[in-house]
Amino acid sequence: MSLESLLLHHEIDQINARYAAALDERRFDDWPEFFVEDGHYIVQARENFDRGLPLALIALESRGMMKDRVYGITQTIYHGPYYTRHVISPAQVLAQDGDTVTAQSHYAVFRTKPGSVSEVYNVGRYIDTLLRVDGALKLQSRRCVYDTEMVLNSLIYPV
Amino acid sequence: MNAPQPLSRWPGEGSSRVPFWAYTDAQVYQRELDTLFYGKHWCYVGLAVEIPNVGDYRLTWVGERQVIMVRDRVAPKDRATDPGIRVVENRCAHRGARFCQSAMDGKVSNTRSFVCPYHQWTYKLNGDLAALPFKDGVKATGPEGDCVHGGMPADFDLKNHGLTKLRVAVLHGLVFATFSDDTEPLEDYLGPNVMPWLDRIFKRPEGSAPLTLLGYNRQRIPGNWKLMMENIKDPYHPGLLHTWFVTFGLWRADQKSRMVMDEHGRHAVMVSRRNDGGENKAVTEGVTSFKASMTVNDPRLLDVVPEPWWTISDPSDPGQTITPTVTMITLFPSLILQQQVNSLSTRHIVPRGNGEFDFVWTHFGFADDTPEMTQRRLRQANLFGPAGFVSADDGEVIEFSQDGFQQWASDGQDTGSTLCELGGTGTEMTEHMVTETLIRSMYAYWKKVMAV
């Protein structure tokens with residue numbers, strides 16, 4: 001692996017580490033900032049993705065929509081509280097074309113409700129397109145394709 | 001039906017107080033499976049568009065029994081009368097294995113026949129047993145000359161050993177099945193009050209178009225299955241629990257609404273028309289979920305475009321038209337059919353014990369939708385489903401409800417009940433939504449057929 005490739009992989013891994021920390025520390029306002037202004041965030045069942053069916057669980061098409069989601073999860077969607085814990089695998093760079101990088105990593109999100117055990121909540125992979133803007137990589141698109149055939153009741157916070 | 005065990009007895013008259021044991025008692029639940037899901041009721045199993053080609057199948061559920069919905073071969077002469085969809089139980093007639101599996105390879109599951117891997121009993125797509133190994137035994141040569149070892153008894157008849165076949169009815173591409181020979185025809189089962197609201201969506205004045213499958217969302221909700229039926233028969237909560245609905249006027253106590261039921265009170269349609277949102281003091285005062293200053297950063301989430309089929313001749317006021325923006329149709333016991341502005345879906349209730357059910361959302365559109373309309377339906381799907389702005393919290397409050405019922409049942413007395421008396425204790429249809437009449441009506445039917 002070339003040094004350049006090593007640094008690129010490390011850079012994406014660091015983005016994922018910060019991404020996981022922001023969500024698990026409930027700094028939801030920081031979450032849209034990982035994306036470019038017209039970035040897409042999609043959470044989609046693997047069943048739909050593999051079959052080319054377009055429906056997603058969450059499909060946001062701009063940072064504005066992501067802010068609307070954050071408002072929803074913090075102000076309007078009533079739900080039982082829970083912690084999340086993200087574990088994200090090292091990234092695999094799939095392609096690079098100028099300032100655009102496509103990459104994939106695997107993730108597991110655990111859920112812990114008050115007074116209860118930790119559960120495997122959502123398991124899948126991130127399929128990412130990243131764009132270098134002013135020297136830093138931002139997500140043009142993050143598609144979370146999850147294996148989990150049943151959502152454990154509801155999915156409120158981003159994964 | 002066995003004589004009722006001395007289960008818990010329904011407390012008092014009427015159906016406005018639903019005892020907690022209706023949600024927590026395992027014996028009551030078993031009777032629900034026998035009477036409602038496996039008895040004289042039509043249960044939703046899927047959409048015909050999910051299995052477009054001969055041999056396509058999908059595993060689905062009637063109650064806790066897994067069934068296979070499959071598209072069979074149909075002779076040309078029968079095509080006018082036979083939609084070709086069969087529903088058979090996924091249980092081998094030999095040793096009872098639930099043998100049929102989904103492909104999980106990114107394709108619609110497809111097969112020429114169903115073969116149980118254990119002993120290779122082979123069934124036609126309609127569930128008939130076609131063949132089995134060693135039926136006529138195995139030829140051998142022994143000291144006495146040629147003979148046959150084993151084989152099935154002489155009176156074994158393939159015809160008597162097929163998969164369990166359910167009766168099937170297909171209405172507007174919705175597939176229903178029943179285990180009972182005595183269930184009335186589907187259109188009679190749904191009744192003349194409900195049918196116009198199904199026709200409205202699927203038999204449009206501009207001509208019906210085939211459906212397109214947009215995809216699935218699935219969730220497992222730790223609550224009794226009836227709580228989801230109640231949730232969609234409850235027009236009281238959306239303008240309170242769901243901030244989006246009240247703030248953007250999608251569903252609010254002051255809008256023009258109608259509560260429709262079949263003659264038994266088991267099926268219902270909540271019909272309503274969106275108003276412009278904003279503040280009407282009479283309905284927003286004291287409603288803490290109303291947020292006067294709330295706006296969306298990206299208005300595409302609420303990009304609603306009326307469709308021609310929304311307007312129909314008013315079924316209860318001939319000569320007048322009616323243009324609802326939302327119809328929530330509950331078809332007892334297992335289907336909720338949603339039109340919320342441009343978002344269309346079926347929601348299938350699959351019970352798993354008295355305290356849990358799976359909820360399967362199948363979103364669809366029409367084959368003649370423009371790409372923009374398809375995009376709109378997909379975008380509005382953000383409001384619904386397990387993560388939806390106005391649906392995720394339904395699953396959450398159902399969990400809270402079940403927790404509360406279980407807690408009450410733990411005292412061993414089991415005397416508590418819910419209270420559903422908004423709009424009185426009656427079971428009539430109404431021209432407004434400030435009522436729990438649909439819930440009372442469902443339980444009036446439930447306690448009758450359950451004999452509790």
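At what angle do the axes of helix H2 (residues 26-37) of chain B and helix H11 (residues 437-450) of chain B cross? The stops below lead from that helix pair to the sheets, the cores and some single residues.

**Before selecting anything**

This is a predicted model in which local features need pLDDT of at least 70 and side-chain atom pairs count only at pLDDT 80 or more, while totals for chains, interfaces and linings use all residues. Residues are numbered from 1 along each chain as its sequence is written, chains are lettered from A and ligands numbered from 1 in the order in which they are written, and side-chain values use heavy atoms, with hydrogens and water left out.

**Stop 1: two crossing helices**

Select residues 26-37 and 437-450 of chain B. The axes of H2(B) and H11(B) come within 10 Å and cross at roughly 90 degrees. That makes H2(B) roughly perpendicular to H11(B), a label for angles of 65 to 115 degrees. Axes are lines fitted to C-alpha atoms, for helices over the stretch in contact, and angles run from 0 to 180 degrees between N-to-C directions. Helices (H or I, at least four residues) and strands (E, at least two) are DSSP runs, numbered from the N terminus.

Now show the side chains. Val28(B), Arg31(B), Glu32(B), Thr35(B) and Leu36(B) of H2(B) meet Trp446(B), Val449(B) and Met450(B) of H11(B); contact means heavy atoms within 4.5 Å. By class, this contact has 5 nonpolar, 1 polar and 2 charged residues. Ala, Val, Leu, Ile, Met, Phe, Trp, Tyr, Cys and Pro count as nonpolar, Asp, Glu, Lys and Arg as charged, and the others, Gly among them, as polar.

**Stop 2: a sheet with strands from both chains**

Next, follow the open sheet of 8 strands in the order E8(A)-E13(B)-E21(B)-E20(B)-E19(B)-E18(B)-E15(B)-E14(B), where the pairing is mixed. Two strands pair if DSSP finds at least two bridges between them. Strand E8 (151-152) of chain A and strand E14 (257-261) of chain B stand at the edges, each with a single partner strand, so one side of each is left without a neighbour in the sheet. E14(B) pairs with strand E15 (residues 268-272) of chain B in the antiparallel sense over 5 bridges. Within that pair, Val260(B) has Val269(B) in E15(B) as its bridge partner.

**Stop 3: the cores**

Which residues have the most contacts inside the largest nonpolar core? They are Tyr41(A), Leu198(B), Trp244(B) and Trp446(B), in a core of 142 residues. Such a core is a set of buried Ala, Val, Leu, Ile, Met, Phe, Trp, Tyr and Cys residues joined through side-chain atoms within 4.5 Å. H11(B), from the first stop, gives the most to this core, with 7 residues. Another core lies apart from it, with 17 residues, among them Tyr57(B), Cys92(B), Phe114(B) and Phe156(B).

Centre on Leu198(B). Leaving aside neighbours within four places in sequence, its contacts include Leu171(B), Leu190(B), Ile329(B) and Leu337(B).

**Stop 4: a sheet of 3 strands**

Select Phe114(B), which stands opposite Tyr123(B) in E7(B). Strand E6 of chain B and strand E7 (residues 122-123) of chain B pair in the antiparallel sense over 2 bridges. They belong to an open antiparallel sheet of 3 strands in the order E6-E7-E8 (chain B). Its edge strands are E6 (114-115) and E8 (129-131) of chain B, each pairing on one side only.

**Stop 5: Val45(B) and its strand**

Move to strand E2 (residues 43-47) of chain B, where 5 of its 5 residues are buried, that is, under 20% relative accessible area, with exposed meaning over 50% and partly exposed in between (1.4 Å probe, protein chains only). Val45(B) lies in this strand and is buried, with a relative accessible area of 0%. Among the residues that Val45(B) touches are Trp61(B), Met69(B), Phe176(B) and His348(B). E2(B) runs antiparallel to strand E12 (residues 174-178) of chain B, joined by 4 bridges.

**Stop 6: Ser391(B)**

Finish at Ser391(B), in the loop between helix H9 (371-380) and helix H10 (392-409) of chain B. Ser391(B) is buried, with a relative accessible area of 5%. Its contacts beyond four places in sequence are Arg347(B), Trp361(B), Leu383(B), Phe384(B) and Gly385(B).

Conventions:
Angles under 35 degrees count as roughly parallel, over 145 as roughly antiparallel, 65 to 115 as roughly perpendicular and the rest as oblique.
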